[in-house]
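Visitor: I would like to go through this model and ask what stands behind each label. Please show it first.

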Amino acid sequence: MISRIESPREDETLPSFIARVLTQIPRAPRKFVAQKITGIEGSVASVDLPMNLQAVVDALGRHVGLDGEEMVRRLTMLPLYAPFVTPERHARVKAGMLRG
């Protein structure tokens, strides 16, 4: 289904990255592909703190060389959210983002 994917751009968010991936898959139903990438039926991209990123890593990570930690750090708003919450809350949010 996906043979070659361009890496995320500098300061690109996850929804933007997934949208670019979708444009690289000709004639595929967008909703179906988005569900395959996120692992969530009826999924809608969350801009700020997306969940179940491990499914995205499983679907796309090997193509672009990103693991879950780097995806959270580079493609989400968690780094901007972190200074305003306790370290414990940050860890729980990050764990939820990775495992859904």
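Visitor: Why does R74 count as partly exposed?
Guide: The model is a predicted one. R74 has a relative accessibility of 29%.

Visitor: What makes R74 and E70 a salt bridge?
Guide: The side chains of R74 and E70 come to 3.4 Å, N to O. The cut-off for a salt bridge is 4 Å between a side-chain nitrogen of Lys or Arg and a carboxyl oxygen of Asp or Glu, so the pair qualifies.

Visitor: Where do R74 and E70 lie in relation to each other?
Guide: Both are in helix α4, four residues apart, and about one helical turn separates them. An α-helix has 3.6 residues a turn, so residues three or four places apart point the same way.

Visitor: How do you know whether R73 is buried or exposed?
Guide: The relative accessibility of R73 is 53%. Exposed means over 50%, so R73 counts as exposed. E70, at a relative accessible area of 24%, is partly exposed.

Visitor: How many salt bridges are there by this rule?
Guide: The count is three. One of them joins the side chains of K94 and E69, at 2.5 Å from N to O. K94 lies in helix α6 (residues 87-99) and E69 in helix α4 (residues 68-75), so this pair ties together parts 25 residues apart in sequence.

Visitor: Why is K94 called partly exposed?
Guide: K94 has a relative accessible area of 22%. Buried would require a value under 20%, and exposed one over 50%, so K94 is partly exposed. E69 is partly exposed as well, with a relative accessible area of 43%.

Visitor: What makes T76 buried?
Guide: T76 has a relative accessibility of 8%. The limit for buried is under 20%, so T76 counts as buried. T76 lies in the loop between α4 and α5 (78-81).

Visitor: Which backbone atoms does the side chain of T76 reach?
Guide: The side chain of T76 reaches the backbone oxygen of V72 at 2.5 Å, and the backbone nitrogen of L78 at 3.3 Å. A polar contact needs N or O atoms within 3.5 Å, and both distances meet that limit.

Visitor: Is E12 buried or exposed, and how do you know?
Guide: E12 is buried, because its relative accessibility is 7% and buried means under 20%. E12 is found in the segment before α1, and its side chain reaches the backbone nitrogen of R9 at 2.8 Å. Leaving aside neighbours within four places in sequence, E12 is in contact with F17, R20, R74 and L75.

Visitor: What makes α3 roughly perpendicular to α4?
Guide: Helix α3 (residues 53-64) and α4 pack at an angle of about 110°, with their axes 9 Å apart. Angles of 65 to 115 degrees count as roughly perpendicular, so α3 is roughly perpendicular to α4.

Visitor: Which residues make the contact of α3 with α4?
Guide: L53, V56 and V57 take part from α3, and G68, M71 and V72 from α4. Five of the residues of this contact are nonpolar, one is polar and none is charged.

Visitor: How many helices and strands does the protein chain have?
Guide: The protein chain has six helices and zero strands, and its pattern along the sequence is α-α-α-α-α-α. Among contacts between residues at least 6 apart in sequence, 48% join residues at least 24 apart.

Methods. Residues numbered from 1 in each chain as written. Predicted model: local features only at pLDDT ≥ 70, side-chain atom pairs only at ≥ 80, totals over all residues. Heavy atoms only, no water. Helix = DSSP H or I, 4+ residues; strand = E, 2+ residues; numbered from the N terminus. Buried < 20%, exposed > 50% of the residue type's maximum accessible area, 1.4 Å probe, protein only. Polar contact = N/O pair within 3.5 Å; in protein donor to acceptor, adjacent residues only side chain to side chain. Axes fitted to C-alpha atoms, helices over the stretch in contact; angles between N-to-C directions. Parallel < 35°, antiparallel > 145°, perpendicular 65-115°, else oblique. Contact = heavy atoms within 4.5 Å. Nonpolar A, V, L, I, M, F, W, Y, C, P; charged D, E, K, R; others polar.
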